Amino acid sequence: MTSLSFDSITFNREVSFCRGYSMESKEKLEKLFLENRISYFIEWQERSFLSRLFGGGRRKEKSMFTVRINEADVERATELVQGMDSIRLRKQKEDV
């Protein structure tokens, strides 16, 4: 785990945790994180023109977002979101 340390205060890094593809999954994820005291940030992405043009039939959802959380909460958050629809976990780098 990499972290910054200044005097006696330690700061952990924020990591991309998962991607979501529907507003319903976003609301479920927010509720789950709030109930379990996991802080998060939602970063919205616009689909590119080519993605909308050529991939329109495969993915009809218009919203796509990335959820970023503190690196220290990844393990606990992973257990909480197992089996959620429209959520794809991002692979985390293992510490060497």
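E24 is exposed, at 52% relative accessibility. The cut-off for exposed is over 50%, so E24 falls in that class. In this predicted model, the E24 side chain meets that of K28 in a salt bridge, with an N to O distance of 3.3 Å. K28 counts as partly exposed, at 46% relative accessibility. Both E24 and K28 belong to helix 1. They sit 4 residues apart, about one turn of the helix.

A second pair in helix 1 is E30 and K26. Their side chains form a salt bridge at 2.8 Å, N to O. Here too the spacing is 4 residues, about one helical turn. E30 is partly exposed, at 22% relative accessibility. K26 has 11% relative accessibility and counts as buried, because buried means under 20%.

## A further salt bridge

D73 and R76 also pair through their side chains, at 3.3 Å from N to O. D73 is buried, with a relative accessible area of 15%. R76 is partly exposed, at 35%. Across the whole structure, the search finds 5 salt bridges.

An open sheet is built from 4 strands in the order 4-5-3-6. The pairing is antiparallel. Strand 4 (40-45) and strand 6 (87-89) are the edge strands, and each pairs on one side only. From one strand to the next, the twist averages 30 degrees.

Strand 4 and strand 5 (residues 64-70) run antiparallel and are joined by 6 bridges. W44 has F65, in strand 5, as its bridge partner.

## Helices on the sheet

Helix 1 (residues 23-35) packs on the sheet. It touches strand 3 (14-20), strand 4, strand 5 and strand 6. The direction of helix 1 makes about 165 degrees with that of strand 4.

Helix 3 (residues 74-81) lies across strand 3, strand 5 and strand 6. Helix 3 runs at about 10 degrees to strand 3.

## Whole chain

The protein chain holds 3 helices and 6 strands. Along the sequence they follow the pattern β-β-β-α-β-α-β-α-β. Of the 96 residues, 30% are buried.

Contacts were also sorted by sequence separation. Among those between residues at least 6 apart in sequence, 74% join residues at least 24 apart. The accessible surface of the chain is about 7,400 Å². Carbon and sulfur atoms account for 50% of that surface.

Definitions and conventions:
Residues are numbered from 1 along each chain as its sequence is written. This is a predicted model: local features need pLDDT of at least 70, side-chain atom pairs count only at pLDDT 80 or more; totals for chains, interfaces and linings use all residues. Side-chain values use heavy atoms; hydrogens and water are left out. Helices (H or I, at least four residues) and strands (E, at least two) are DSSP runs, numbered from the N terminus. Buried means under 20% relative accessible area, exposed over 50%, partly exposed in between (1.4 Å probe, protein chains only). Contact means heavy atoms within 4.5 Å. Accessible areas come from the Shrake-Rupley method with a 1.4 Å probe; for residues, only the protein chains shown count as cover. Two strands pair if DSSP finds at least two bridges between them. Axes are lines fitted to C-alpha atoms, for helices over the stretch in contact, and angles run from 0 to 180 degrees between N-to-C directions. A salt bridge is a side-chain nitrogen of Lys or Arg within 4 Å of a carboxyl oxygen of Asp or Glu.
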